Amino acid sequence: IDPHESEGGILAVAPDGRRIVILEKGPAHPVLRIYDTGSGLLHRTIGIPRSILRAGHKVLIPSENNLSWDDRGELLLFAASGRVGPALCLLDIRTASVSEVLSLPFSVIMHPSLSPDGNRIVFAAVGSSASDIYIVDRRTHVISRLTDDALFECHPTFTPDGNKVLYSS
């Protein structure tokens with residue numbers, strides 16, 4: 001479906017199943033390409049230059065990132081990083097603007113995923129040396145650590161009911 005990026009990208013299916021979004025590195029800055037699942041045709045392209053992020057942030061490369069839709073199919077979650085530290089960003093695809101940025105106290109944030117109700121975000125992060133799994137509440141910004149060991153945990157996601165988290169280790 002996506003002939004543009006030779007190195008590949010990451011994708012996520014919209015909650016209604018009618019759209020697929022792919023994050024690519026792009027030649028100058030990351031690009032989101034939104035496709036119609038019925039026809040396979042490109043519906044929209046959104047470039048993500050640094051100018052729409054907070055100063056100092058850039059979108060993480062696809063291999064360290066994840067895309068996650070909100071339950072209405074209007075917002076896309078992804079991780080960003082830069083000289084000001086890592087952040088979780090929500091992009092409003094209707095306006096092509098970042099509507100929310102959560103800066104978090106880690107050296108690296110990877111593979112974020114929204115809970116089914118959109119109130120929490122699970123992600124992998126490196127604090128000192130190992131990657132662990134965390135959840136942050138979008139309203140209170142309270143961070144909960146789920147794992148604490150020497151293993152490398154990554155790719156967390158909520159179960160459909162939002163009560164459990166699955167991840168790779």
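How many disulfides does the structure hold? In this predicted model, the count is 0. For readers new to the term, a disulfide is a covalent bond between the sulfur atoms of two cysteines. Two cysteines can still be looked at one by one. C89 has a relative accessibility of 1%, so this residue counts as buried. C154 is buried too, with a relative accessible area of 10%; the cut-off for this label is a value under 20%.

What does β3 pair with? Strand β2, made of residues 19–24, pairs with β3 in the antiparallel sense, over 6 bridges. Within this pairing, V21 has I34 of β3 as its bridge partner. The two strands form a hairpin, with 6 residues between them. In the turn of this hairpin lies G26, whose phi is positive, at about 70 degrees.

Strand β3 is also joined to strand β4, which spans residues 42–47. Here 5 bridges link the strands, and they run antiparallel. R33 stands opposite T45 of β4. A hairpin is found here as well: β3 and β4 have 5 residues between them, and G40 takes a positive phi near 80 degrees.

How values were computed
Residues are numbered from 1 along each chain as its sequence is written. This is a predicted model: local features need pLDDT of at least 70, side-chain atom pairs count only at pLDDT 80 or more; totals for chains, interfaces and linings use all residues. Side-chain values use heavy atoms; hydrogens and water are left out. Two strands pair if DSSP finds at least two bridges between them. Helices (H or I, at least four residues) and strands (E, at least two) are DSSP runs, numbered from the N terminus. A disulfide is a pair of cysteine sulfur atoms within 2.5 Å. Buried means under 20% relative accessible area, exposed over 50%, partly exposed in between (1.4 Å probe, protein chains only).
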